[in-house]
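Please look over the model shown here and follow the report below, which goes through its strand pairing and then its aromatic contact.

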Amino acid sequence: MGRDSRYELVFTGPDHAVPGSEESVIVHRTDRTGPGGHPIYADDTGIVQAEISDQDDVRMIASGGHQELASRVRVRSVPGA
């Protein structure tokens with residue numbers, strides 16, 4: 001995917017949720033880098049933050065206390081971004 005300026009993070013529901021259910025959020029590149037040295041992307045609220053590598057690996061970043069970080073996250077490039 002390379003280094004797009006926007007991505008769609010796709011969250012797959014937990015095992016007890018509706019099979020095949022998923023939610024998504026659009027994130028944009030920030031000027032920060034994460035612990036792995038890759039860019040951090042955030043949604044417009046700044047609550048959802050993720051480090052996305054050039055291999056499309058996603059590492060969710062906590063933006064506040066008491067967050068449970070999602071473990072089932074895929075990334076898709078946003079066309080035209």
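## Pairing of E3 and E4

In what sense do E3 and strand E4 pair, and over how many bridges? In this predicted model, E3 and strand E4 (residues 49-52) pair in the antiparallel sense, over 3 bridges. Within this pairing, Ala 42 has Gln 49 of E4 as its bridge partner, and Ile 40 has Glu 51 of E4. The hairpin that E3 and E4 form has 6 residues between the strands, and Gly 46 there takes a positive phi near 85°.

## Pairing of E2 and E3

Strand E2 (residues 22-33) is joined to E3 by 3 bridges, and the two run antiparallel; His 28 has Ala 42 of E3 as its bridge partner. E2 and E3 also form a hairpin, with 5 residues between them, and Gly 37 in the turn has a positive phi of about 85°.

## The sheet as a whole

The open sheet is formed by 6 strands in the order E5-E4-E3-E2-E1-E6, with antiparallel pairing. Its edge strands, E5 (58-61) and E6 (73-77), each pair on one side only, and the twist averages 35° from one strand to the next.

The structure holds 1 aromatic pair. The ring centres of Tyr 7 and Tyr 41 are 5.1 Å apart and their planes stand at 80°, so the pair is edge-to-face. Because Tyr 7 lies in strand E1 (residues 6-12) and Tyr 41 in strand E3 (residues 39-42), the pair ties together parts that are 34 residues apart in sequence. Both Tyr 7 and Tyr 41 are buried.

Notes: Residues are numbered from 1 along each chain as its sequence is written. This is a predicted model: local features need pLDDT of at least 70, side-chain atom pairs count only at pLDDT 80 or more; totals for chains, interfaces and linings use all residues. Side-chain values use heavy atoms; hydrogens and water are left out. Rings of Phe, Tyr and Trp (its six-membered ring) pair if their centres lie within 6.5 Å; planes under 30 degrees apart count as stacked, over 60 as edge-to-face and the rest as tilted. Helices (H or I, at least four residues) and strands (E, at least two) are DSSP runs, numbered from the N terminus. Buried means under 20% relative accessible area, exposed over 50%, partly exposed in between (1.4 Å probe, protein chains only). Two strands pair if DSSP finds at least two bridges between them. Axes are lines fitted to C-alpha atoms, for helices over the stretch in contact, and angles run from 0 to 180 degrees between N-to-C directions.
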